[in-house]
Amino acid sequence: MTKASASGEQAILLADVDEAARIVAPLWPLSSFIAVNPLWGLREHSFDRAVELSARFLGVHGYPSPDLYADAVRTGRLVPEDLWHALDEHGSEKTAGRPAADGEVGASGTVRARGARAGGTTTLARYDASRGTRLAESTDAEVARWCAAYAAGVLAHPDGGGLYAAWRWVVARDPATRRLAGVRGRAVLASLPDRAEDAILASLERLGVAEVDRVDELSGQLARMPGWAGHALWRSRWAAAEEPGPALHLLDYLAVRLGYDAVQREAAVDGHESATHRRRPRNELRSSRASRALRVSSGDADVDPRDATLPDDLRRALTALAPGRAAAIWLAAYEAHFRDDLLGALGGAVAGRPLNRPLAQAVFCIDTRSEGLRRHLEARGRYETFGFAGFFGLPMRFRPWGAAEPIDLCPALVRPVADVGEYPAQVDDGSAARRLEDVQGLAGMTDAFAAAKKGVSAAFVLAEAGGFAAGPLGVAKTVAPSAYARLRKRLGTFLAPRPATVVEPAASDRAMTDDEQALFAETMLATMGLTRGFAPLVLLCGHGSTTENNPYASALDCGACGGNRGASSARAAAAILNRPQIRLLLESRGIAIPDDTIFLAGEHETVTDVVKLLDLDVVPHGRRAAVAQLQEDLDVAGASVARERARRLPGARQAASAGEARSADWAEIRPEWGLARNAAFVVGPRALTAGVDLDSRCFLHSYDPDGDADGLALETILTAPMVVAHWINAQYYFSTVDPDVLGAGDKTAHNIVGGIGVLRGCGGDLQVGLPLQSVFDADRAYHEPMRLLVAVVAPRATLEAVVRRNAVLRDLFDGRWVHVVVRDDEAGGWAVRRPGGTFVPWEPAGRMSAEPERTMSEEIGARG
Amino acid sequence: MDDSWGLTRMTRVEVVIGGEDVAVVSSLISDVGATGFTVVPNVSGLGHGGFHQGRLLFNDRDGLALVTVVLPDGKCGALLDGLRRLLERRSGVLLVSDTWVSRPGYFDSPT
């Protein structure tokens, strides 16, 4: 469908919609689940201010519950000294973090200035509050119904177009709309303008929303269902233009929403009273999200310190705090306790690489699940390990062999820059083509079976035709999941054997030149400080998680690979680094890789902690014993870390050997804990953390400050992997502190809609965040909700120079979205960074100076 | 400008904006009927927000980008209205200038 060019009024509306959308976070589809800070759009505010705004608009409880702190005090996880110290540091602040200055460039001005108006966040919600009706909830239900139908492909306009065009095409005959808004209201909706922008403007006018209040109204509209709005935001602002599937855009979504709000309000004013929006008792309002938002913003979320056993003077000090401050103090204390424990454990050296050449080096993803594997592998002998983001610095669009669609293997912050493909390893003698047909045929049958299961009528036909086989298979899958999985794998290999393949840059218009490949390799090696002392074997190890019947499977895969498995990225990087031409180019850039060094690819299966080495045909016969030794040591290390991780899993399957069963069981709701309990992002040489059991709680990024005089590597680490780690950390945080609004609820009640998300039950909003089973063990939080602690080994001046030139770091650091500690041995060991770039020497709680040691302005000035 | 050159006058709009705002600027440009535009990611320079290095390797959204579009005067007003509203709340620089093109049809397709 074509449409006329936008007018000035429409263009202004588009800018307003973009501003309003800051209140929700993008929601990626299930196939590439990306953890995101749900308050990312508010990051220009301080953390505490953003929490306050999210309480008003979304009804979010942004701080941990009193129960969590009471438990922490009982177990010694939080001690009075932590609270005294937090009071000393934060108690006198009127507002935490950076105050919101009037006229601040780039801030969400309208949202900040007014927040939600009394009684609700939209015009209709305020009408509801004043009249005791539930019209806004009716809009939510209707819009959710249309969105689900559109996402599932059930609702579509024959000439194309988005949700608005499809909805407008059918709404004139929709009986539910007539029940809501009456015949007249339905006719109004059916006669809305062609363009979604015009429809929004018309509905805003009908609702009486002045232009000055427009952003607030639009924010309120989006905040009512952050799931569908977040999906629309992702589609409108983050997804690639060529993304397949129904495209639900923000303007279409708002046009439908506002249409219902306008006609419902008019119908109510005119006296139309439907069964679905009849008046209800006032006290019933308290169960709705809108009223929840009001309760949260009015202070219900404050932590009551009387819930914990504390000395009287401390209790009085906490009780005397202004409303809202106590929650911030308790959180700061809880976080400081972890910080003190971690830094206390990292007392060793920060420099030094092995004097003797290691047997092998292994580069693992920074994912917290790699930490245990690195520790146990190093304990096996002469191994040196590194941490780097699991896409290995190669943002690529990857087409697996036989796949119809490529996948983007890179973090959400970056677009793929190169096409890479998987190809049969042997010169084609016709067998590869035959195997491709077999694989695609099998994939087609699997897809057809899945589609038939979901079809309205096909499901009955399928049950009749295939029930005789599906029934016994279902029983086998239930009572012996591991055996069933092995059988299925063997059957698949028998029916459609895969040839040996290689992963290499594709011959496309985005093919990587040798120079580009060398630049990528140099960047990766230099950023993690591996530019000399190469071992004979260098393993690049991605990771992935195999689970069954799990809509959130990609949440357990590699975030740096866009929620995909990491093996292909490792294979591509290893292939490039093994090319003689690239070695020559690297040597000319100062990185000499010995001729006997072989880069290997591998993948860490995080449910079982088994590491599989890949593409071993690159290993000459004479080196295979060394590779076999590496595999054996990886097996032992994997078994050790599997035992560690299994102990933390609740239920009967705690044995490390049960990993395979958890992986294959289609009734398993918690195959692994994923990144739960993540707490810190450590940037520095491995010498800092080697030998310390970090309990799989830290993202570990290798960094050599001595080889980074200009801070370029540090800038790369802090502006990309650290931001991704912050997103992960924030998602776990908010899914834990407010699972009702920012978590996805109980997995057992989930229904997948359109392959893009899940609903709780059969309707309503798309669920955002993580399921309860990812962060809770029964009724208790398993994840410890804390803001990410970023621990950096670097000169303070280098760090501050990097912060000064990157707004995203200033927002996160100065707004206390993360905590920063820096170890600069020339300046006296660990120091805590305060907002604005001052530092105080770190000492455990109760002994740390409250006064800044010195400002960094002179050092920054000296460095320019 | 010499008329004998056979060029057609149009308006060039350049906006320097945060990488994450490229999507909304692109939408604005498309919605007013422009037929194409150019995005240069990770630009560097000095502004009232300080010096921007423009060398973020793995983050397209937090650097600055330069978006350039050429369009006939008739389509320019709406775009400027939208960009001005956007820049009321975001960091950025908006530059508007006359320019001349040799193939006007490329920049002014019917909508």
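This is a predicted model: local features need pLDDT of at least 70, side-chain atom pairs count only at pLDDT 80 or more; totals for chains, interfaces and linings use all residues.
Local features here need pLDDT of at least 70, side-chain atom pairs count only at pLDDT 80 or more, and totals for chains, interfaces and linings use all residues. Residues are numbered from 1 along each chain as its sequence is written, chains are lettered from A in the order in which they are written, and side-chain values use heavy atoms, with hydrogens and water left out.

Q: What makes B:Arg85 and A:Glu211 a salt bridge?
A: The rule asks for a side-chain nitrogen of Lys or Arg within 4 Å of a carboxyl oxygen of Asp or Glu. For B:Arg85 and A:Glu211 the closest N and O atoms are 2.4 Å apart, so the pair passes. Across the interface of chain B and chain A the rule finds seven salt bridges.

Q: How do you know what area is buried between chain B and chain A?
A: Buried area is the accessible area (1.4 Å probe) that two parts lose on being put together, summed over both. Here that comes to about 3300 Å², with carbon and sulfur atoms giving 52%. The contact (heavy atoms within 4.5 Å) takes 45 residues from chain A and 31 from chain B.

Q: Why are strands S2 and S9 of chain A said to stand at the edges?
A: Strands are DSSP runs (E, at least two residues), helices likewise (H or I, at least four), numbered from the N terminus. Two strands pair if DSSP finds at least two bridges between them. S2 (383–388) and S9 (610–614) of chain A each have a single partner strand, so one side of each has no neighbour in the sheet. The open sheet runs S2-S1-S7-S8-S9 (chain A), with mixed pairing.

Q: What makes S7 and S8 of chain A a pair?
A: Eight bridges join S7 (residues 537–544) to S8 (residues 598–605) in chain A, and the definition wants at least two, so they qualify. These strands run parallel, and A:Leu540 stands opposite A:Ala601 in S8(A).

Q: How do you know that S5 and S6 of chain A pair?
A: There are five bridges between S5 (residues 418–424) and S6 in chain A, in the antiparallel sense. Again at least two are needed, so the pairing stands.

Q: Why is the set around A:Leu222 called a nonpolar core?
A: The term covers buried (under 20% relative accessible area, 1.4 Å probe, protein chains only) Ala, Val, Leu, Ile, Met, Phe, Trp, Tyr and Cys residues joined through side-chain atoms within 4.5 Å. The largest such set has 244 residues, and A:Leu222 is among those with the most contacts inside it.

Definitions and conventions:
Buried means under 20% relative accessible area, exposed over 50%, partly exposed in between (1.4 Å probe, protein chains only).
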